[in-house]
Amino acid sequence: MCEIFGLSSQNEFAANEYLRTFFSHSVHHPHGWGLACISRNGALIEKESIEASKSNYLKERLSQNVEAKIILGHIRYATIGNVEYKNCHPFTGKDSTGRRWTLIHNGTIFDYPPLNPYIQDQIGDTDSERIFLYLMDRLNKAQLQKGSRLVFEERFSLFDNIICDMSKGNKLNLLFSDGKYLYAHTNCSGTLFYLTKNNMTILATVPLTEEAWQPLPFTRLTAFYNGRLYKTGTDHEHEYFESEESMKLLYSIFANL
């Protein structure tokens, strides 16, 4: 599977040391890397479809400050979708009100029919991109019905309901942001941790330092704002367990990449 990284901070923070450790794990996740520095004005997205540790561009990038209030990082181990630039995370786009959203995913959607219509709309081949398109479509429809932009509580409730439903039988480790809030979700035990210190929170698939990392609240959507845990959603109890059947499906998909 992939690994994901997230940062929410009250002030801009140069996350280079954490990112260097995170991207060093790419020897086990060699199918691409991505980085997003996000603000309320937009998102700077950088990615390549090569192993992060072999990227001269990333090496040079990390020699300069990678600094923002919200940062997302991704290293890919391909399961669904070929090893191509178009399948590298993050995925980003604007909703109907002009708000930019950016998403990364670690996991696999084994069965969720509402994503199927987006196969014809996506640029790449991944289930992760379909998740992003579906979330944006549902958000746009809700805003059209309301006749105006949803406020945070309305957006959180919408995403909470979607993720509660989508998580059934699927591995759904997600980080996504609108430049103000960082949303996070895991339903696979021991695969997403967070560290809070100095008015910031860092999230990663595995702890990146010897500091006091904690497991992210489990089987529920969370939102971070200005470096602190801001809201926790419904405990849907849909824990993902690897099964022999799911692993056979993954192996068959990977064999065709």
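Select R155 first. At 2% relative accessibility, R155 is buried (buried means under 20% relative accessible area, exposed over 50%, partly exposed in between; 1.4 Å probe, protein chains only). This is a predicted model, where local features need pLDDT of at least 70, side-chain atom pairs count only at pLDDT 80 or more, and totals for chains, interfaces and linings use all residues. Residues are numbered from 1 along each chain as its sequence is written, and side-chain values use heavy atoms, with hydrogens and water left out.

R155 and D178 form a salt bridge, and their closest N and O atoms are 3.4 Å apart (a salt bridge puts a side-chain nitrogen of Lys or Arg within 4 Å of a carboxyl oxygen of Asp or Glu). R155 sits in helix 4 and D178 in the loop between strand 7 and strand 8, so the pair ties together parts 23 residues apart in sequence. Helices (H or I, at least four residues) and strands (E, at least two) are DSSP runs, numbered from the N terminus. Include R99: salt bridges with shared partners join R99, R155 and D178 into one network.

Next, the hairpin of strand 7 and strand 8. Three residues lie between the strands, and G179 takes a positive phi near 90°. The two strands pair antiparallel over four bridges (pairing requires that DSSP finds at least two bridges). S177 stands opposite L182 of strand 8. Now colour strand 12, residues 222-225: four bridges join it to strand 8, again antiparallel. There, F224 is the bridge partner of L182.

Stay on strand 8. Five of its five residues are buried. Y181, Y183 and H185 cover one side, L182 and A184 the other.

Pick Y183. Beyond its neighbours within four places in sequence, Y183 has contacts that include W101, R155, F159, F176 and L221 (contact means heavy atoms within 4.5 Å).

Move to helix 1, residues 16-24. Its buried residues are N16, Y18, L19, F22 and F23.

In strand 10, select T201. T201 is buried at 0% relative accessible area. A polar atom of its side chain lies 2.7 Å from the backbone oxygen of G227.

K231 pairs with E153 at 3.4 Å between the closest N and O atoms. K231 is in strand 13 and E153 in helix 4, 78 residues apart. K231 is partly exposed at 26%, as is E153 at 44%. D235 pairs with R220, with closest N and O atoms 2.9 Å apart.

Terms used
Polar contact = N/O pair within 3.5 Å; in protein donor to acceptor, adjacent residues only side chain to side chain.
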